[in-house]
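Colleague: I am new to this structure. Could you walk me through how to read a few of its features?

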Amino acid sequence: MKLYEGGAYLVNGAQIVEDGIDAASAVEGMTGDAVTKEEASKNTIAYGILKDHNTSGNMEKLKIKFDKLTSHDITFVGIIQTARASGLEKFPIPYVLTNCHNSLCAVGGTINEDDHMFGLTCAKKYGGVYVPPHQAVIHQFAREMLAGGGKMILGSDSHTRYGALGTMAMGEGGPELVKQLLEQTYDINMPGVVGIYLTGTPAKGVGPQDIALAIIGEVFANGYVKNKVMEFVGPGVSNLSVDYRIGVDVMTTETTCLSSIWQTDDKVREFYDIHGRVEEYKELEPGKVTYYDGMIEIDLSEIKPMIAMPFHPSNTYTIEELNANLMDILDDCEKKAQVSFDGKVDLNLKAKVRDGRFYVDQGIIAGCAGGGFENICDAADILNGASIGPDEFTLSVYPASTPVYMELVKNGAVAKLMQTGAIVKTAFCGPCFGAGDTPANNAFSIRHSTRNFPNREGSKIQSGQISSVALMDARSIAATAANKGFLTAATDIDVDYTKPKYFFDKTIYDNRVFDSKGVADPSVEIHFGPNIKDWPKMSALTENLVLKVVAEIHDPVTTTDELIPSGETSSYRSNPLGLAEFTLSRKDPAYVGRAKEVQKAEHARLEGGHPCGALPEIKDAMDVIKTKFPEVNHDNIGIGSTIFAVKPGDGSAREQAASCQKVLGGWANIANEYATKRYRSNLINWGMLPFIIEKGELPFANGDYLFIPGIRKAVEEKAEIISAYAVKDGALKEFTMTLGELTDEEREIILKGCLINYNRK
């Protein structure tokens, strides 16, 4: 794999010319035509799709309107509630509500099924589509029924990626979908586009997850594709089936890129034809001369079976490398766990080594990444006639949709798997985010799913429970299962892959999916369960801010899972205050209590009382502030909390990572940088200031008070530098921060306190 230091030209889809002094001349010599970088950059597939959906008339400052929206049952309640508070009357574009996350309706009593009934009644009332639980995971349904060549889809799940089908899809926090429901736009600068130039053919036994992990391992840490579009081109694309491409594409989220798109061909046309939607096919390819802002060259034949060790998809090794350096790599993982968990619990991976071989406790093939037809067929071929054994090791397989499941039943793959001792379950995203197949304490799970962040398999550090997940391809998971749990690469076994043809039967969707065909019925009453609560009232930004730092996180990256845990807490996402009780619970359990104490002072201020009576300690801070700013009083300050994290927001698109802080009185985040565009957008949409402070020794610590004078004026006047003061040892210590680039709409959202206030009629 080669990462180019700068940009590159792609000529005739086949020749790469690295950018440099003589690059344009070289390209002209090859084509006979003069070319400029600016014009050639307009020949990317991504540029054409973005241009078709941009409403601003300015291709540097995009205002995108999407063709379709999709959400699942962890996110659609909050999205619709937010839109309802802003006067929603009907869904203006197709909006699909799937139910694949909170599918286990015994968790939390009736509240999950209440959310589902909320979704069904809203689909009827506002003119949407409702996919019942266990029918399909969100992204598989979108591939089968929503994607279209040259289209754009916005989803409230970070793995919204349908680029292999010629659809540019993006995963964002719920407020961005609210904007589309209110016929507003998705506002971004024109993103950079990085070419992913594929050659060769994968070796037998190497699957899409192996390709994806190899890419993630190369680009995550260096930010090579961060907030850019990954555009897959080159002769190697045609050597991959569409199912294979989909498996690579869905994992592009873990690179922190903005979106992805692939060149299309007759195999993609066949995919649409199989699914009864051949009219949705569109041929997409780069222009004769195309300029990319970066280029990654990959020889698919050189990729080996991979494993992403705990606790990130970028912590990658070849399985061969792991087995050759087993004790050293396991020791390194254990040391990283000690740092990540602050020494609260011991992870003992070296105990998994038996007679020099690494033994794993669980295998999972599931969800939008692993549950595809070809993945499961190949796994069944590997396991045909084998036994997973009667020991600790278990294997569960989740087809990504009922149509896929039905075809696996018809072609015998399910029978092959069940005969081994494996369990084949319904479409469900649970194993990916910690709501299904939680292993035993200190167990090690290998999963063809999307993420392996800490606690994402369901363990609870605060309760002394720890298990861990490694990401692998379905084929190597099956090979490991055939060896009864001893880690094995699929390339180490000889298998005759049958490669059965896929036949799509959407009868089950015709029988069970509610499709309003875009017709709203205002007479329908929405089903509200007792856990479904409105958003609390949120205040506009005040003239000045007094903030208490209530959490300080120095991990290199902080995931949204650490900001608000996934798993069983997801059942409370329809209840803003209820869910907020879990904020930072697995990273800093004292956070909620600290934030609530500060919030008492703000509540007292808003009610006309004295903040010091609710929070006596703030009097000392205010006395120090008034020595320099005597004009400050209860009428011109807001009192709230903030957190510092080095690089927060990797992972999920969940808006609750920000909104939970907001409902607990959070006014800001302070960071050296933000891991993803979507987390920063979530902060802004919930009226929180996305401060950036330069790397180095912090001028404040956890528990300190900060004073930010004139913050409202600074936002209004687009100040580049924000002056702030830390209250330290009876004095004010000045420091500066920035807010980064904000659109006029984003500034107005922050000034009004949140997107709900911005849109409220």
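Colleague: Which residues of α4 meet α5?

Modeller: Contact means heavy atoms within 4.5 Å. Here F76, V77, I80, Q81 and R84 in α4 meet D115, F118, G119, C122 and Y126 in α5. Helices are DSSP runs (H or I, at least four residues), numbered from the N terminus. This is a predicted model, where local features need pLDDT of at least 70 and side-chain atom pairs pLDDT 80 or more, while totals for chains, interfaces and linings use all residues. Residues are numbered from 1 along each chain as its sequence is written, and side-chain values use heavy atoms, leaving out hydrogens and water.

Colleague: At what angle do α4 and α5 pack?

Modeller: Axes are lines fitted to C-alpha atoms over the stretch in contact, and angles run from 0 to 180 degrees between N-to-C directions. Helix α4 (residues 76-85) and helix α5 (residues 111-126) pack at about 45°, with axes 10 Å apart.

Colleague: Which residues lie nearest the centre of the largest cavity?

Modeller: On a 1 Å grid over the protein atoms alone, a cavity is a set of points where a 1.4 Å probe fits but cannot get out; lining residues have an atom within 4 Å of a point. The largest cavity is lined by 22 residues, with H72, H101, D157, H159 and R456 nearest its centre. Elements giving two or more residues to that lining are α6 (138-145), α13 (367-370) and α17 (430-433).

Colleague: Which helix gives the most to the lining of the second largest cavity?

Modeller: That is α9, with 4 residues.

Key: 1 Å grid on protein atoms, 1.4 Å probe; cavity = no way out; pocket = protein on both sides within 12 Å on 5 of 7 lines; lining within 4 Å.
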